[in-house]
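Subject: Structure handover

Hi,

Here is the structure you will be working with. Please open it before you read on.

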Amino acid sequence: MRVAQLGSGTPELAVVAGIHGDEPCGVRAVERLLDERPTVERPVKLIVANEEALERQVRFVDEDLNRAFPGAPDAATHEGQLAARLVDELEDCLTFSMHSTQSHAEPFAIVNNVTETAKTVVPQLPVAAMVETSNFAEGRLFSEVETIEVECGMQGSETAAQNADRLTRAFLTAVDALPGDTVGRDLPVYRLTDVIGKEQASTYEVFVENFAVVEAGDPFAAADGETQVAEEPFYPVLMSPNGYRDVFGYAAEKLDVLTTTPTAD
């Protein structure tokens, strides 16, 4: 795990990349900050988390790091030990964690709860939506540390790397670490309500768009040609044919649309 810092003093802000070794977009953003060393008005801790998985270009070494928190120093897995170290490093820090996905090209944010901090910061980020995980946060970083997680774009794409850089700088501006203005936006807010499972099959299909309502009776996915039909309306989140081994994605409900104005000067 690589740990660095911009500015002097004890950081209350952190930027984390490389939770998953097959999602290098955030690492590029962190490396660019370290190369440029911008003057910051609040100190910021920068972390590249799972360096071993990144080097191997695999999602994880022993287990998914973003399902391993809080971990333990004597855990039996690489990620279990790493999780405990990362929690220690992020103590008392508002954390910005970058990921990428196989399901949605446009960036969006994920939070454990829609807190006042989330309501203030996330609408200032260039994201399409904010998703509250509700009951699906077990083992994830934001179950232990106050975290705003962002999906930066399609996994492995140059666009996701560019988005990661833009998102990181918007976050640091929104929390008054970098000077400048942010752009406020109307932000739809969703809450995950269910996991959409998939049976083992040779081929998978998804017929719906993420964040576009699926009405009751609509077909939304298929495994080996066997179609699944919605029993009640829902909004798909992180839905893709092959993003997860045993689930298509998540069902969500729409909670609100936040209308805010920039707070950064």
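Below is what was found in it.

This is a predicted model, so local features need pLDDT of at least 70, side-chain atom pairs count only at pLDDT 80 or more, and totals for chains, interfaces and linings use all residues. Residues are numbered from 1 along each chain as its sequence is written, and side-chain values use heavy atoms, with hydrogens and water left out.

**Salt bridges**

A salt bridge is a side-chain nitrogen of Lys or Arg within 4 Å of a carboxyl oxygen of Asp or Glu. The whole structure has 16 of them.

Start with Arg 28 and Glu 158. Their closest N and O atoms are 2.9 Å apart. This pair links distant parts of the chain: Arg 28 sits in helix 1 (residues 25–36) and Glu 158 in helix 5 (residues 158–174), 130 residues apart. Helices (H or I, at least four residues) and strands (E, at least two) are DSSP runs, numbered from the N terminus. Arg 28 is partly exposed, at 43% relative accessible area. Buried means under 20%, exposed over 50%, and partly exposed in between (1.4 Å probe, protein chains only).

Next, Arg 140 bridges to Glu 149, with the closest N and O atoms 2.6 Å apart. Arg 140 is buried, at 6%. Glu 149 is buried too, at 1%.

Asp 22, Glu 23, Arg 59 and Asp 64 form a network of salt bridges.

**Val 237**

Val 237 is found in strand 12 (residues 235–237). Val 237 is buried, with a relative accessible area of 1%. Leaving out residues up to four places away in sequence, Val 237 touches residues including Phe 108, Val 131 and Leu 192. Contact means heavy atoms within 4.5 Å.

Best wishes
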